[in-house]
Amino acid sequence: MSYIIVTSRSPYSYDKIRGKIYKRLNIGGVAIVLNDLITEEGGTWVCWGDGSADQDYMEEDNGKFRIFRVILSVPERRGFYDEYSNSTLWPLFHYFREKIQHDQKYFRMYSKVNSLFAESIKRAIRNTDEIIWIHDYQLSLVPGFLRDLGVVNPIIFTWHIPWVSREFYSILPERNQLLKSISSADSITFHTKEYRTNFRDSYESLIGDPKNLDKKLHYYPLGIDYKSYEDIERYRKLPKPMERLKIIFSIDRLDYTKGLIARVKAIESLLKTNPELSQKFMYLMIVTPSRTNVGQYMELKNELEMNIGRINGEYGRIGWYPITYIYRKVSQKTLINYYKWADIALITPLIDGLNLVCKEFVAASTKGLLILSEFAGSSEELKEAVKVNPNSIEDLSSALFRALSMPETEIIERLSLLKERVKRRDIEWWARKVTDTVKGKEPNA
Ligand code: GDG
């Protein structure tokens, strides 16, 4: 069964630096399994060619599969990606009403770019059995454009972020266009039951009877490549001065949905109410640069760093700071090493479609405790984590206090139950579940 995978991000790009061409790999998370699937089954990957030399590789055959790249102009990139995708849809689908920006001209650009994707997909189709698998909120109008172009192939549309309640969704001026397009796919998959229900309710209140939709709507939480986290040995020992400290760890993209400010304030509150914990732990906070062209993200960086500076200034001692903050991307090997070092993973998004970091920590750790936000999509599955309301600094701080004094036997018991579930529902399980939803389906007449 051959596939046409459609994602906004490419599996790899080409950059030209001082006259030489370099290949840049973008593989991570979902892209790994999509790469495996298409390498095994064959097909075409349609994506945005964002590398500086990608225009020379618009239609490439790498021997395993083909890549068709959509090349965008600077205004197209801005309207499609920075503005409508990341300044309208992203805050809307994460309930950040005050951050939603809207401008018709950016929607027109988003729509134009989605139609460019649809045209590229149509050129890629070699027969009507090929399964077209489209991913995420940047490409919500693609299924509708494909049907308008007369494409009859089975289409799967996977939504990776939350789907909000019908009242909140109704804020979006283009609410009907998105719903109609997505529902022209043959299978629509979400990470949780709640997002599926919200989509159905939105459809019912804005478009009409959702009866015909019911058999198309599914929810399968995304899994991880479990073995790649479990099998890697810890390659560096904990540095000597850190050995006597409990390590609290987190890694997130710099994003206002991730609850970063409340988290550092919880560290402050923990030290304020429990001064005896001074010099007993270290919070290793890795924050990865993200969407640096969007103004709101840079404001958040300033606010976060001001808070960290203030807290370290107030509670630090010679040779010890409560928060070790790193603002840069780390290698996969280093990340797995940090997961293995950690006594506590503090994963507390205000809202998250799923959150893969908590699953990766569970796979890599042999001793750690997971503190997880109730509002992460993965919270439903990861029952043995210590659950917190990330909006309450008191709740976060008392969960940390409890975690720091939890008996080792309880931590290990929780971890082994979590491991069992994350291992069983891994990324292959997810891909199989999702693709099975259209297997054996006739092309649309
Ligand atoms: C969206 C949804 C949903 C991060 N920094 C580094 C690094 N990472 C890796 C993590 C993890 C991935 O990036 C982040 O995934 P999350 O799921 O935690 O969050 P989002 O990026 O917001 O993803 C989310 C996801 O889509 C998938 O559907 O779960 O809810 O928001 O894999 O490990 N990896 C390395 N260095 C870094 O600096 N190596």
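**Figure 1. Lining of the largest cavity in the predicted model.** In this predicted model, the largest cavity is lined by Gly368, Leu369, Leu370, Glu384, Ala385, Ile411, Arg414, Leu415 and Leu418. Six residues of this lining are nonpolar, while one is polar and two are charged. The space within the largest cavity amounts to about 30 Å³, and a search of the whole structure finds one cavity of 30 Å³ or more.

**Figure 2. Secondary-structure elements around the largest cavity.** At least two residues of the lining of the largest cavity are supplied by each of two elements, strand S15 (369–373) and helix H14 (408–424). Helix H14 provides the largest share of this lining, namely four residues.

Figure 3. A polar side-chain atom of Glu360 is placed 2.5 Å from an oxygen atom of the ligand. Of the 730 Å² of accessible area that the ligand has on its own, the protein covers 85%.

**Figure 4. Elements contributing to the shell around the ligand.** Two or more residues of the shell around the ligand come from each of strand S11 (246–253), helix H11 (332–341) and helix H12 (357–364). Helix H11 gives the most to this shell, with three residues.

Figure 5. The ligand is surrounded by 21 residues, of which the closest are His160, Val330, Asp352, Leu354 and Glu360. By residue class, the shell around the ligand divides into nine nonpolar, seven polar and five charged residues. Residues of this shell are given both by domain 1, which comprises 3–223 + 428–436, and by domain 2, which comprises 227–424, and the ligand therefore lies between the two domains.

Notes:
Residues are numbered from 1 along each chain as its sequence is written. This is a predicted model: local features need pLDDT of at least 70, side-chain atom pairs count only at pLDDT 80 or more; totals for chains, interfaces and linings use all residues. Side-chain values use heavy atoms; hydrogens and water are left out. A residue is near a molecule or strand if one of its heavy atoms lies within 4 Å of it. A polar contact is a pair of N or O atoms within 3.5 Å; within protein, one must be able to donate a hydrogen and the other to accept it, and residues adjacent in sequence count only if both atoms are side-chain atoms. Accessible areas come from the Shrake-Rupley method with a 1.4 Å probe; for residues, only the protein chains shown count as cover. Ala, Val, Leu, Ile, Met, Phe, Trp, Tyr, Cys and Pro count as nonpolar, Asp, Glu, Lys and Arg as charged, and the others, Gly among them, as polar. Domain bounds come from an automatic or database domain assignment. On a 1 Å grid over the protein atoms alone, a cavity is a set of points where a 1.4 Å probe fits but cannot get out, and a pocket is an open set with protein on both sides within 12 Å along at least five of seven lines; lining residues have an atom within 4 Å of a point. Grid points are joined across faces, edges and corners, and a volume is the space filled by probe spheres set on the points.
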